[in-house]
Amino acid sequence: NFCRSATMAAKKDETSKEEATASDTSTPKSTEESKSVVTVPPLIAAGKRLERLLGGKKTAATSSGGAAAGATATATAQPHGLPGTGSAATLTSTVEAVLHSNPPKIVRRWLGTSSGAARDATLDDVVGAAGALLDPAGVAARGRDVLLALAPDAGISSDGAAAAAASGAMEVDGEEKKDGEEGGGEGPTRPVYLVAAAREVEAYLLSLAIRLLLAADDAHAVQKAWAVSGAALDILRGHMDAAARATARAGAAGALGGDSASAGGARGGLGSKGLEPLLARLYRYRCLVTEKCVVDTEALRSELVAAHRLACLRRDVDTQSTVLNLLLRELLAADQVEQANKLLSNSTFPDSASNNQLCRYLYYSGRIQALRLEYTSAFSNLSQCLRKSPTNTGLGFRIATQRLLVVVQLLMGEIPERTVFLTEGMRTELNPYMKITQAVRRGDLAVFHDTVSAFADRFKEDGTYTLISRLAHSVVKAGLRRLNTSYSRISLPDVANRLGLPSVESAEFVVTKAVRDGVIDATIDRAGQYVQSHDLVDVYATTEPAEAFHRRIAYCLTMHNDAVRGMRYPPDAYKKQLEASRGIVPKDDEDKTDEELAQELEDEMDEEY
Amino acid sequence: PPPLFYLLLVPVTLPTMTDLSALLTDLTGRVDSGDVEGGKATLANLKIALLDADPTSDTTAQIATSALELGVLLSAADGDLDAFARNVSQLKPHYASASATAAASSRKNHIIGLNLMHLLVDNRLSEFHSELELLSTAEASSPEISFPIHLERQLMVGSYDEVLAAGSRVPHASYGLFMDHLLTTVRDNIADCLEVAYKTMTMDDAVRMMKFGSVAELQSYMEECRDDWIVEDGNRLCFAPPPTGRKADDIPSKKLISNTLTYAAELERIV
């Protein structure tokens with residue numbers, strides 16, 4: 001029964017109130033009236049959802065925690081709903097919940113599902129939500145003040161915020177009908193503040209506000225955004241520092257669930273993990289704002305470095321990966337390739353970071369390597385990035401990666417496929433690059449230079465101009481190869497002509513260099529002034545095919561091993577088969593212990609994330 | 001001895017701006033006149049004086065920048081590549097901070113060009129290209145900087161004759177140091193290419209291609225570095241032919257065996 005309510009909470013399925021008889025483990029918010037169908041702004045709904053998620057897990061936890069937890073659970077059957085009261089007992093069980101669950105995962109998932117609410121939000125909504133959800137006397141007070149200070153912009157006074165809070169106290173999301181147990185002591189005028197999710201929601205609302213101000217696209221708003229982002233980072237850093245201190249204290253204080261004072265401290269300690277994804281988000285917005293503001297980037301850089309250090313110490317994977325990417329982006333924007341390279345070689349990218357951050361990291365490393373003439377590693381990084389990037393969004397990112405990939409391929413001496421340029425949505429963007437590829441294929445230096453100068457501005461904008469100017473060498477290589485395969489013997493003046501080289505002497509030198517580099521296989525006869533190509537060696541007689549096959553085989557085998565390791569089976573799938581084969585009829589799943597169910601839930605959330 | 005002891009007791013006075021400027025003008029004069037030794041001594045004094053000067057004022061920064069630039073020119077004239085590299089790396093932060101205040105000195109392009117030449121000669125191509133990234137378009141088209149850029153392009157493409165001919169059109173005399181080094185590198189490259197591309201060649205042709213002055217120079221070069229070139233008939237150079245023919249040793253048997261065993265092991269694992 002307990003577990004079912006947890007399932008309901010976790011999956012955010014609204015069920016009928018008959019099922020919600022797990023009343024003794026309900027959260028303080030469950031005083032919602034069952035009858036009113038007032039719709040609540042989606043932001044407030046999202047905030048309450050997080051509260052439920054972070055507190056709702058405790059139902060599973062308390063049931064699995066055993067006797068001690070059960071005692072505390074019954075203790076929380078008591079008053080709830082009144083803000084601030086009963087918090088001690090609630091906190092204890094929250095602590096239990098947080099212990100057994102994974103706050104960053106919950107928060108990340110919640111962020112994903114709330115993006116719908118965030119997309120349509122306006123500044124008014126944000127301020128209203130701040131007024132409704134954040135306790136002016138609680139931990140989130142500073143954030144609330146910052147957000148409400150934006151109110152004059154948004155045209156709501158603090159009274160209005162209270163009014164919005166009042167409506168927020170009423171029913172959430174029409175369908176949900178948790179019964180108002182214990183009489184639901186709250187009247188519609190008293191706002192319900194978040195307890196467990198306070199800081200997360202505060203950070204979330206702050207980040208939304210920054211984004212909206214940025215989108216407003218006027219200088220004044222951008223300045224405000226910068227101020228807000230600075231304040232937001234301070235607030236969050238303060239929370240996390242306090243949390244870190246509290247963890248130290250709680251660790252010293254000993255067992256959990258003892259007296260509520262230490263439990264309150266412990267709650268602070270454990271709660272900081274959930275803030276990590278939001279901290280990463282705030283840093284990203286801060287960088288965006290700084291770029292728009294054109295404020296001193298040096299200070300930003302030192303700030304990011306300090307943040308990275310902290311994140312590594314705290315094993316904060318989200319912030320670590322985000323801040324590393326932001327630093328690389330910043331250094332590249334300032335053209336400091338050497339410094340970016342040093343950063344790259346001295347830092348490690350965490351393996352468990354999200355896929356989007358990994359894509360960004362691969363793109364930046366690929367770019368740095370391309371600028372430093374390490375073309376093969378750049379090529380592998382960029383192609384991996386392209387493979388891993390999401391296909392339904394981020395077209396701009398894919399275009400940028402594809403551009404860079406084409407240029408790197410050209411620099412390596414390979415000609416990219418024609419289909420690459422004709423993919424959906426990229427055709428116009430990649431058009432100059434297609435012209436360049438054609439010029440390189442023709443092997444004519446003059447044509448190449450003309451094309452480069454024709455599209456020079458475009459390339460400078462894309463940041464690929466310096467890379468493309470290195471292509472002169474590839475043009476010559478490609479041209480020589482074509483001549484070599486089509487002519488068994490060709491005179492040097494003709495070579496100079498075809499390749500657009502200035503003189504016969506230089507043509508001679510160029511050919512000798514190409515022979516030395518292994519581009520062509522030929523000899524020059526100086527007396528006769530011609531180049532004689534050797535007969536094509538049968539490639540299959542060398543070990544080349546074996547090596548090529550080996551590379552492909554190794555890649556396939558690694559992929560296979562990774563896939564096997566990554567397989568997930570639905571729990572107990574094998575049991576059904578086994579029992580069916582043994583002729584045992586499976587019983588109802590009541591024999592599953594609560595722990596197993598909780599674990600299953602966690603695995604499911606894991607999967608979906 | 002008593003005089004030194006008194007020297008220690010004398011209080012150190014901070015150098016004033018006028019002191020620094022005086023030293024600077026002295027240094028400029030020496031560099032312009034080509035007095036390397038005297039210039040180095042003055043530069044050392046100036047550097048010590050700068051240590052005590054106020055680091056935050058703009059004039060100090062400017063004086064420091066000019067001093068280091070002159071130091072770079074001095075070391076280039078002196079042929080001291082270590083000092084050159086040191087001065088350039090000390091100069092870089094000044095340029096980075098000065099770009100914000102847009103107080104670019106007139107010698108900046110020159111210094112950057114010299115640095116590029118240095119990287120090119122040392123064959124540190126990745127750093128060369130990273131430096132290029134930091135340049136703006138205006139800077140890149142100035143003669144001092146476009147010279148090394150064109151040089152690099154020609155080296156990559158392989159038109160060595162242009163490279164060697166470029167020695168005559170250096171934008172500044174201080175480039176001469178690097179051009180000499182470059183010449184030796186280019187000669188080595190050309191020799192490598194000749195080995196592979198030609199079967200035989202007359203001595204005169206070789207002399208011309210490698211831009212030696214005479215056959216005697218070519219022969220001394222050959223004795224130094226190219227032992228495997230055979231001189232036939234007193235006039236034809238014969239490069240050692242590349243080894244041909246297959247033998248049993250040519251098959252990388254160990255590698256093939258290990259590869260095949262890996263495949264077998266992995267395939268067995270597939271259920």
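Trainee: Which helix holds A:Arg418?
Mentor: A:Arg418 sits in helix H21 of chain A, residues 418-421. Helices here are DSSP runs of H or I with at least four residues, strands are E runs of at least two, and both are numbered from the N terminus. This is a predicted model: local features need pLDDT of at least 70, side-chain atom pairs count only at pLDDT 80 or more, and totals for chains, interfaces and linings use all residues. Residues are numbered from 1 along each chain as its sequence is written, chains are lettered from A and ligands numbered from 1 in the order in which they are written, and side-chain values use heavy atoms, with hydrogens and water left out.

Trainee: Is A:Arg418 buried or exposed?
Mentor: Exposed, because its relative accessible area is 52%. The classes are buried under 20%, exposed over 50% and partly exposed in between, with a 1.4 Å probe and protein chains only.

Trainee: Salt bridges next. How many are there over all chains?
Mentor: The count is 14. The rule is a side-chain nitrogen of Lys or Arg within 4 Å of a carboxyl oxygen of Asp or Glu.

Trainee: Which residue pairs with A:Arg372?
Mentor: A:Glu338, at 3.3 Å from N to O.

Trainee: What does A:Asp562 bridge to?
Mentor: A:Arg565, with the closest N and O atoms 3.3 Å apart. Both lie in helix H29 (residues 544-565), 3 residues apart, about one turn of the helix. A:Asp562 is partly exposed at 45%. A:Arg565 is exposed at 62%.

Trainee: Which partner does B:Asp122 have?
Mentor: B:Arg124, again as a salt bridge, with 3.3 Å between the closest N and O atoms. B:Asp122 is partly exposed at 36%. B:Arg124 is partly exposed too, at 34%.

Trainee: Which residues do shared partners join into a network?
Mentor: A:Arg403, A:Glu429, A:Arg458 and A:Asp462, through their salt bridges.

Trainee: Zoom out. What is the secondary structure of chain A?
Mentor: Chain A has 31 helices and 3 strands. Of its 609 residues, 48% are buried. Its accessible surface is about 28900 Å², with 53% from carbon and sulfur atoms. Areas come from the Shrake-Rupley method with a 1.4 Å probe; for residues, only the protein chains shown count as cover.

Trainee: And what about chain B?
Mentor: Chain B has 14 helices and 3 strands. Buried residues are 40% of its 271. It exposes about 15000 Å², 59% of it from carbon and sulfur.
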